[in-house]
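Hi everyone, thanks for making time today. I'd like to walk you through one model, so please have a look at it first.

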Amino acid sequence: MSQWFAVIRRRGPKWDHARPLRQQALWDEHAVFVDNLEAEGLIRLAGPLEGANDALLICRGESSEAIEARLAQDPWTPADMLYTARIAPWNVLVGSLD
């Protein structure tokens, strides 16, 4: 049974802090990958957190391990530009994402 997860992805050592997000190496490949995860239903919401080196993803999946395995296929992961810092089950008590 699938459930909601909050995922924190953090910029890695190869992130070029002098360049804007959409000018990072492999941006096009990363964007296509993330768009596909949304189309598959894994990612519901995603984006960088203001003033931090983190991005927040709201995902729906079977387990944190399954989500991490899928995120490991992001072109930015093996390029050391982005890594998963935390995946936590999220119990939505107010509002709805469905």
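I'll go through the sheet, then the aromatic residues, then a helix.

A word on the ground rules: this is a predicted model, where local features need pLDDT of at least 70, side-chain atom pairs count only at pLDDT 80 or more, and totals for chains, interfaces and linings use all residues. Residues are numbered from 1 along each chain as its sequence is written, and side-chain values use heavy atoms, with hydrogens and water left out.

Let's begin with the sheet. Helices (H or I, at least four residues) and strands (E, at least two) are DSSP runs, numbered from the N terminus, and two strands pair if DSSP finds at least two bridges between them. Here, 4 strands make an open sheet in the order β2-β3-β1-β4, and the pairing is antiparallel. The edges are taken by β2 (43–48) and β4 (82–89), each with a single partner strand, so one side of each has no neighbour in the sheet. Between β2 and β3 (residues 54–61) there are 5 bridges, and Leu45 has Ile58 in β3 as its bridge partner.

Now the aromatic residues. How many aromatic pairs does the structure hold? There are 2, where rings of Phe, Tyr and Trp (its six-membered ring) pair if their centres lie within 6.5 Å; planes under 30 degrees apart count as stacked, over 60 as edge-to-face and the rest as tilted. Trp15 and Trp76 have ring centres 5.1 Å apart and planes at 85°, so this pair is edge-to-face. Trp15 sits in the loop between β1 (3–11) and α1 (27–40), and Trp76 in the loop between α2 (64–71) and β4, so the pair ties together parts 61 residues apart in sequence. The pair of Trp27 and Trp76 is tilted, with 6.0 Å centre to centre and 50° between the planes. Trp15, Trp27 and Trp76 form one aromatic cluster. Trp15 is buried at 7% relative accessible area, and Trp76 is buried too, at 2%; buried means under 20%, exposed over 50%, partly exposed in between (1.4 Å probe, protein chains only).

That brings us to α1. Which residues of α1 are buried? They are Trp27, His30, Ala31, Phe33 and Leu37. The face turned away from the buried side of α1 carries the exposed residues Asp28 and Ala39. Finally, α1 is followed by Gly41, with a positive phi near 95°.
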